[in-house]
Amino acid sequence: MHTIKYTFQPHGDERGQLIALEEFNDIPFQIKRVYYMYDTRADVVRGNHAHKNLQQILVCIHGSCKIRLDNGKEKKVVALERPYEGLYVANNMWREMYDFSEDAVLLVFASEVYDESDYIRDYNEFLDFVASGGL
Ligand code: T46
């Protein structure tokens with residue numbers, strides 16, 4: 001499975017690190033929404049859905065977590081452990097976020113505003129959707 005893990009370039013100096021992310025430049029789409037999750041319990045699995053259209057970049061800006069990706073044919077686990085790592089998650093991709101460290105803050109840049117009708121929350125429905133070519 002082809003997944004893109006970005007390494008963002010920090011502007012570091014003696015004061016510390018700063019990362020700037022620009023749409024169409026560092027982020028490969030127009031950013032229409034940003035959200036983040038924190039205080040996620042270590043035994044919790046979030047996600048468990050796919051999106052028909054939405055593209056996202058996930059950055060664990062503090063702490064760590066794992067992302068399980070599934071395109072209907074292959075599965076892959078990606079660990080996000082550094083604030084300069086970003087994971088591109090395309091549409092038509094089942095995702096599960098888990099193994100959150102206690103201090104994890106997972107920041108997400110999204111290509112679309114929130115739209116419940118874009119979610120596929122049933123795994124068999126997802127498999128049918130990708131088998132039929134997706135959107
Ligand atoms: C995704 C993964 C990585 C909103 O009202 N607006 C929003 O923009 C979002 C993202 C969520 N919500 C509400 C909907 C639910 O009542 O917040 C609640 C929790 O959302 P959800 O259960 O969908 O959260 P996750 O962590 O399972 O999934 C989220 C995103 O929803 C999803 O698009 O790809 O993070």
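# A tour from the whole chain to the ligand shell

Begin with the protein chain in cartoon view and follow it along the sequence, where the pattern reads β-β-β-β-β-β-β-β-β-β-α, that is, 10 strands and 1 helix, with helices (H or I, at least four residues) and strands (E, at least two) taken as DSSP runs and numbered from the N terminus. The radius of gyration of the chain is 15 Å, close to the 14 Å that the globule rule gives for 135 residues, so the chain is as compact as a globular protein of that length; the radius is taken over C-alpha atoms, and the rule is 2.2 Å times the number of residues to the power 0.38.

What is on screen is a predicted model, in which local features need pLDDT of at least 70 and side-chain atom pairs count only at pLDDT 80 or more, while totals for chains, interfaces and linings use all residues. Residues are numbered from 1 along each chain as its sequence is written, and side-chain values use heavy atoms, with hydrogens and water left out.

**The whole chain.** Switch to a surface next: the accessible surface of the protein chain comes to about 8,000 Å², of which 47% belongs to carbon and sulfur atoms, where areas come from the Shrake-Rupley method with a 1.4 Å probe and, for residues, only the protein chains shown count as cover. Of the 135 residues, 37% count as buried, meaning under 20% relative accessible area, whereas exposed means over 50% and partly exposed lies in between (1.4 Å probe, protein chains only). Among contacts (heavy atoms within 4.5 Å) with a separation of 6 or more, 78% are accounted for by residues 24 or more positions apart.

**The ligand.** Now select the ligand and the 13 residues around it, of which R33, R46, H51, Q56 and Y119 come nearest; a residue is near a molecule if one of its heavy atoms lies within 4 Å of it. Colour β2 (33-38), β3 (46-51) and β8 (94-98), each of which supplies at least two residues of this shell, with β3 giving the largest share, 4 residues. By type, the shell divides into 5 nonpolar, 4 polar and 4 charged residues, with Ala, Val, Leu, Ile, Met, Phe, Trp, Tyr, Cys and Pro counted as nonpolar, Asp, Glu, Lys and Arg as charged, and the others, Gly among them, as polar.

A polar side-chain atom of R33 lies 2.5 Å from a ligand oxygen, an N or O atom in the side chain of H51 is 2.6 Å from a ligand oxygen, and at G47 a backbone N or O atom lies 2.9 Å from a ligand oxygen. The protein covers 67% of the 650 Å² of accessible area that the ligand has on its own.

Select Y36, which is found in strand β2 and is exposed, with a relative accessible area of 53%. Apart from its neighbours within four places in sequence, Y36 is in contact with V105, L106 and L107; a distance drawn between the C-alpha atoms of Y36 and H62, 26 residues apart along the chain, reads 11 Å.

Next select F24, in the loop between β1 (4-7) and β2, where phi is near 65°, a positive value in a residue other than glycine. F24 is exposed, with a relative accessible area of 62%. Finish at D39, in the loop between β2 and β3, which has a positive phi of about 55° although it is not a glycine; D39 is exposed, with a relative accessible area of 62%.

Notes: A polar contact is a pair of N or O atoms within 3.5 Å; within protein, one must be able to donate a hydrogen and the other to accept it, and residues adjacent in sequence count only if both atoms are side-chain atoms.
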